[in-house]
Amino acid sequence: MRKLIFALAVLAFFACSKDTLNENVAGPEAEGQAVMVNTPEGAVAGRLSVKLSEAVANKLEEVLKMKTRAGEMATRSGISEMDVVFDKIGVEHFSRIFPYEPRFEERHRAAGLHLWYNVTFAQESDLRQAAQLLGQVEGVKVVEFTHPIEPACEGPAIPCNIERTATRAEMPMNDPGLEKQWHYNNPGTAGVHFKAGADISLFDAWEMTAGSPEIIVAVIDEPVQTTHADIKENLWTNPNPGYVGVNGKAYNNDIHGFNFYNDTDELDWKTPAYNEQYRAWFYSDHGSHVAGTIAAVNNNGEGVCGIAGGDGTTGGVKIMSCQILGNNERNAHLDASVRAFVYAADRGALIAQCSWGYSSAVNSYNMWVGMDKGVERDAIDYFIENAGRDNPNSPLKGGLVVFAAGNDGHLVKDQKIWPAAYPNVVSVASIGPDYLPAYYTDYGKWVSVTAPGGDASYGDETQVLSLILDDESIDYKDGRKAGYGYMQGTSMACPHVSGMAALALSRAAKLGKQFTVEEFVSMMMTSCENIDSKFEGTKNLRGLGLELDMTQYRGKMGAGRLDAYKLLLNVDGIPSVCVKMGTDAEVNLDKLFSGRVNALDVNVRVESDVVEKLGMTAYSVENGKFKVHCTKVGGGIVSFETKMNGKIVKTNLAIISRTSVPENGLWL
């Protein structure tokens, strides 16, 4: 009888006026209706994600087990009320979004991941009506529309042919392309648009660490080319291959990651696509470019450097490739990304590198109603809570999720962009080599930090240089002769932050230190230079017909430019102070000696290599102040010693010499 009553209700529903049905259904509905997450506008046809009650999920799980044993796909639930709807919308199959894995099932169930199902049905079915009908079924708690995702880069890769010439002696690594990676070390000498310090202070940081194989970074993106000579040594290798795809098939060759986009253990970077907007061929360069910024192999005499790519004697951090995008990114969908977060967390990744999002031209943040109830939030939270869980010595107790802020700032101003605006992730805005916000960068008070992402409005070499595909089986049409190229976007700024975080965790692992995610993010936020004072005047983009007021970015680029050296000093617990190069600087030492420095006889010791590196022409301690004159940009450790209450007291201070002193004061 109940089935008949519900069937009649379904018929009545479809008899309702179209005017009523065309109202936005997103958000909590009337009592008895499931929560609707985001909107049907622009969503993928024939696909919905649903979160079920425990009882209904258990019932569907039994149905799936029976069908799997019979080698069939489940199309009906065995629950009469639900099957009426399934019949009406033409359900083709349903499955758990997160597959059953015995070794991780307990923690998946504790996080409620087993309650999420994907429902695939006839694409011609009205998506809005299908969502409303499913939302009325008893035991359906959440219905979520699935939206396509896309990489956060602007334009195709621009090939750069790097010659294997002798590297300048002052370069810390012998990779010939390092001199072009201004985003690591920008002395401001390459041209009018290059400003000293618009980088990540990487050369100073490398003196403390260049990465560690203990740290795994999941690149959730297009595939990383695993055969690329300049990164293959720094790829993660799965010690326990095996994963179950959406179709229930078991895969055992996920050696360096998994292809969630095509649901296979074969990473696919082969197929190009022609882009009408840019009138250019796009290849799957994005994932390799991002991965190269984090962990291209260092000191191997070829190509470029990665931030945490090692020093040539010890390996760099390891890259796990979680493919969620292909060349036709518009076909990418939510299921792929959320499965990647869980896969990566369960297999030891500590950082989730995410240079992708949803087009703000289609959906504003305000349209993403109910995302706090959605499957993506659950997957991100799972990574944050469970990454590193199986390693008692992990330097991070949990996982760090890093997202590109997005590339529509010049169009939508300071609008919030999901998922970068989710407070539990680290969101990254972009600057160019001029220290100014890149023309495209999204911005707002929701942004966490800023890093170099390049700005093509000044030319190719003002973009970010990293890896691109280098596969002889591909017939490239862009003139490339080697696997290196320029790209720009918050996609490129994001891996700078992931790479710096990987460096810091490498340092922490070496020192035996452990941090919670909250502690680590706090260290990152306090390792930034406030750059608001640099945002003056306008940036003219004649090609785009835009003139951007730089003052509108003040207070909206996060805590500022993340500095790798300061971050490592924070890990060590060493305070740092910035002095202006070429001036007689004074540093009050009260903070080092509990406000008692004037009553103490303090001696200072500076190693000869630090004197040389910073070009110190004079230094001394007088009247409780450290006086120093530096003639070079750089950083180094200075040691102080005194006697307090009969005990010898020693402490260190990092002196950072820069062309300008940051707004947030000398002490950092």
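Predicted model: local features only at pLDDT ≥ 70, side-chain atom pairs only at ≥ 80, totals over all residues.
Which residue of β5 is the bridge partner of Met36?

**Figure 1. An open sheet of five strands with mixed pairing.** The strands follow the order β1-β5-β2-β4-β3. At the edges lie β1 (35–37) and β3 (91–96), each of which pairs on one side only. From one strand to the next, the twist averages 25 degrees.

**Figure 2. The parallel pair β1 and β5.** Strand β5 comprises residues 140–145 and is joined to β1 by three bridges. The two strands run parallel. Within β5, Val143 is the bridge partner of Met36.

**Figure 3. Helices α6 and α4 against the five-stranded sheet.** Helix α6 (residues 127–135) packs on the sheet and touches β1, β2, β4 and β5. The direction of α6 makes about 165 degrees with that of β5. Helix α4 lies across β2, β3, β4 and β5. Relative to β3, α4 runs at about 130 degrees.

**Figure 4. The second largest cavity and its nonpolar lining.** By class, the lining has ten nonpolar residues, with no polar and no charged ones.

**Figure 5. The largest cavity, with charged, polar and nonpolar residues in its lining.** The model has two cavities of 30 Å³ or more, and the largest has a volume of about 70 Å³. Twelve residues line the largest cavity. Nearest its centre lie Tyr435, Glu529, Arg561, Arg658 and Ser660. The lining of the largest cavity divides into five charged, four nonpolar and three polar residues. In the second largest cavity, by contrast, the lining has no charged residues.

**Figure 6. The crossing of helices α8 and α12.** Two packed helices are described by the angle between their axes and by the distance separating those axes. Here, the axes of α8 (residues 286–295) and α12 (residues 490–511) come within 8 Å and cross at roughly 35 degrees. The crossing is right-handed. On the α8 side, the contact is made by His286, His289, Val290, Thr293 and Ile294. Helix α12 contributes Ser491, Met492, Pro495, His496, Ser498 and Gly499. Of the contact residues of α8 and α12, seven are polar, four are nonpolar and none is charged.

**Figure 7. An open sheet of three strands with antiparallel pairing.** Strands of a sheet pair through backbone hydrogen bonds, in either a parallel or an antiparallel sense. In this sheet, the order is β29-β32-β31. The edge strands, β29 (584–588) and β31 (616–622), each pair on one side only. The twist averages 15 degrees from one strand to the next.

**Figure 8. The antiparallel pair β31 and β32.** Strand β32 comprises residues 625–630 and pairs with β31 over six bridges. The sense of this pairing is antiparallel. Within β32, Lys625 is the bridge partner of Glu622.

Key:
Residues numbered from 1 in each chain as written. Heavy atoms only, no water. 1 Å grid on protein atoms, 1.4 Å probe; cavity = no way out; pocket = protein on both sides within 12 Å on 5 of 7 lines; lining within 4 Å. Points joined across faces, edges and corners; volume = space filled by probe spheres on them. Nonpolar A, V, L, I, M, F, W, Y, C, P; charged D, E, K, R; others polar. Axes fitted to C-alpha atoms, helices over the stretch in contact; angles between N-to-C directions. Helix = DSSP H or I, 4+ residues; strand = E, 2+ residues; numbered from the N terminus. Left-handed = near helix turned anticlockwise from the far one by under 90°. Contact = heavy atoms within 4.5 Å. Pairing = 2+ DSSP bridges.
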